[in-house]
Amino acid sequence: MALFGKRSRLRARDDQVTNASELTLRQSLVPLALVTILFFLWGFAYGLLDVLNKHFQDALHITRAESSGLQASYFGAYPIASLTFAGWVLRKFGYKATFMLGLTLYGVGALLFWPAGTKRSFGGFCGATFIIGSGLGTLESAANPYLAVCGPPKYSEMRLNFAQAVQAIGTVVGPVLASQVIFANVDDQDLSSVQWVYLGIAIFVFLLAGVFFFANIPEITDADMARQAESTGVFDDKPIKSQWLLWAAAASQFCYVGSQVAIAGYFVNYATEVRKGTSKVAGSNFLAAAQGCFAVGRFGGTLLMKWIKPRKVFLVFFSGVIVFTAAAIGAREDAGLAMLMIVLFWESICFPTIFTLGIRGLGKHTKFGSTVIVGSIIGGAVVPPILGATADALGDTGRAMFVPLVFFVIGYAFPILVNFHGPTKALMDGFLESKVGLESGEATPGTTAKDVELEKESMEMVEGKLEL
């Protein structure tokens, strides 16, 4: 599929069956590669956020609890974006328009870092971060489901986990850039380097929005998703309020993301307190190494899913998260730092796998369900302040790590559900056996959902006559 052939429209009819959900692996590579770039962008933004947390504590003289306002602004924007305007644009216009909207908001938020730095206003930085979070929440509302459904359903988890692995590379680059370039040989009170970095990000993001405008991106409609879900043989078309698997996934994602963000946001604090003599720059380097473990885990977990069912890989990794978080609470010096770094390895595949398993079988409700799970990322705005306040009260970030542990344990209910509840296991595995995108001739592009239904009824009538 040519990237810059005939430019795709900014609006798609959701009742129209296209061939987008039935693209083969080779046909889906080009649009998926373009969308995967977005994952690097928000990985980079997230990686920078964790380092800015500690830098602003020193430069703006704020407490650990107050610095969590960055995470609260960033992740608090996600549900506001995904459940309101982003979800509306996704359902009414389609994926391409949503990608462009998200990139534009991201660029505007990055530009606002300049006046916030000039005024040395932490509130200004939080406001700019909120707009960036709105843009990224908009992008995630479209990019996650797009990767999950564009191409053969059999490889859904592998596609999203691979893209999220690219995102993990961004989370490594962010802290490395911060420690080696932005804050290297810079006074703790200086914010000019932060301003220039975000100005460069804004320029790049606006250029990327232009690329998306001219690109040929196949749209995947609700009618496509309903047809794809029916092909599995285990699909049960229920109203969205009765899709209890979706709501269980959203609850688990809330707990998981909240804990993941809390650990990453206070990783540098943990390193400097638990390992005596560790500087802020060294702590940033350790965070970069931990994010490297995170990236390795995502690539490794994606590879394992080629031979082992994703739900089983998910159960093992989530179990590892709980075990090593518990170990990091009491450990000190190099042992404690190693435990927390290993936590990030096990965290690696959890977010994308919760997402893909959570939207499984939603059919025509896939877009709405995606915005619900993206909205649950607000957990990243809830748990970090609790951890920060607990660390301030105890005077020990290490012992305060019991806070994310509690949320991890609650979120563990979802991997238990998809692995040990019979009907849910059947739904998970049914998609792995789907031949959609692996065999040609699934549907005729340009037909509507009503046409498909009429065709189905006609085939049933013909089969009935043949039996007579």
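Among contacts in the protein with a separation of 6 or more, 85% join residues 24 or more positions apart. The model is predicted. Its secondary structure comes to 22 helices and two strands. Of the 468 residues, 58% are buried.

**Surface**

- The accessible surface of the protein comes to about 17,700 Å².
- Carbon and sulfur atoms hold 66% of that surface.

**An enclosed helix**

- Helix 12 covers residues 267–274.
- Six of its eight residues are buried, so helix 12 is largely enclosed by the rest of the structure.
- Which residues of helix 12 are buried? They are Phe267, Val268, Asn269, Tyr270, Ala271 and Val274.

**Helix 11 against helix 18**

- Two packed helices are described by the angle between their axes and the distance between the axes.
- Helix 11 spans residues 244–265, and helix 18 spans residues 379–394.
- They pack at an angle of about 50 degrees, with their axes 7 Å apart.
- That angle makes helix 11 oblique to helix 18.
- The crossing of the two helices is right-handed.
- On the helix 11 side, the contact is made by Phe254, Val257, Gly258, Ser259, Val261, Ala262 and Ile263.
- On the helix 18 side, Gly379, Gly380, Val382, Val383, Pro384 and Leu387 take part.
- Sorted by class, this contact of helix 11 with helix 18 has nine nonpolar, four polar and no charged residues.

**Helix 19 beside helix 20**

- Helix 19 runs over residues 402–411, and helix 20 over residues 413–420.
- Their axes come within 5 Å and cross at roughly 20 degrees.
- Val409, Ile410 and Gly411 come from helix 19. They meet Ala413, Phe414 and Pro415 of helix 20.
- By class, the contact of helix 19 with helix 20 has five nonpolar, one polar and no charged residues.

**Alanine 168, a buried position**

- Alanine 168 lies in helix 8, which covers residues 156–182.
- Is alanine 168 buried or exposed? Alanine 168 has a relative accessible area of 0%. Buried means under 20%, so alanine 168 is buried.
- Leaving aside neighbours within four places in sequence, alanine 168 is in contact with Gln291, Phe294, Ala295 and Arg298.
- Alanine 168 and phenylalanine 39 are 129 residues apart in sequence. In space, they are 8.3 Å apart, C-alpha to C-alpha.

**Two residues with positive phi**

- Where is arginine 120? Arginine 120 lies in the loop between helix 6 (113–119) and helix 7 (122–149).
- Phi of arginine 120 is near 50 degrees. That is a positive value in a residue other than glycine.
- Arginine 120 counts as partly exposed, at 37% relative accessibility.
- Glutamate 333 is found in helix 15, residues 333–347.
- Phi of glutamate 333 is near 55 degrees, again a positive value in a residue other than glycine.
- Glutamate 333 counts as partly exposed, with a relative accessibility of 38%.

Methods:
Residues numbered from 1 in each chain as written. Predicted model: local features only at pLDDT ≥ 70, side-chain atom pairs only at ≥ 80, totals over all residues. Heavy atoms only, no water. Helix = DSSP H or I, 4+ residues; strand = E, 2+ residues; numbered from the N terminus. Buried < 20%, exposed > 50% of the residue type's maximum accessible area, 1.4 Å probe, protein only. Contact = heavy atoms within 4.5 Å. Areas by Shrake-Rupley, 256 points an atom, 1.4 Å probe, with all protein chains shown as cover. Axes fitted to C-alpha atoms, helices over the stretch in contact; angles between N-to-C directions. Nonpolar A, V, L, I, M, F, W, Y, C, P; charged D, E, K, R; others polar. Parallel < 35°, antiparallel > 145°, perpendicular 65-115°, else oblique. Left-handed = near helix turned anticlockwise from the far one by under 90°.
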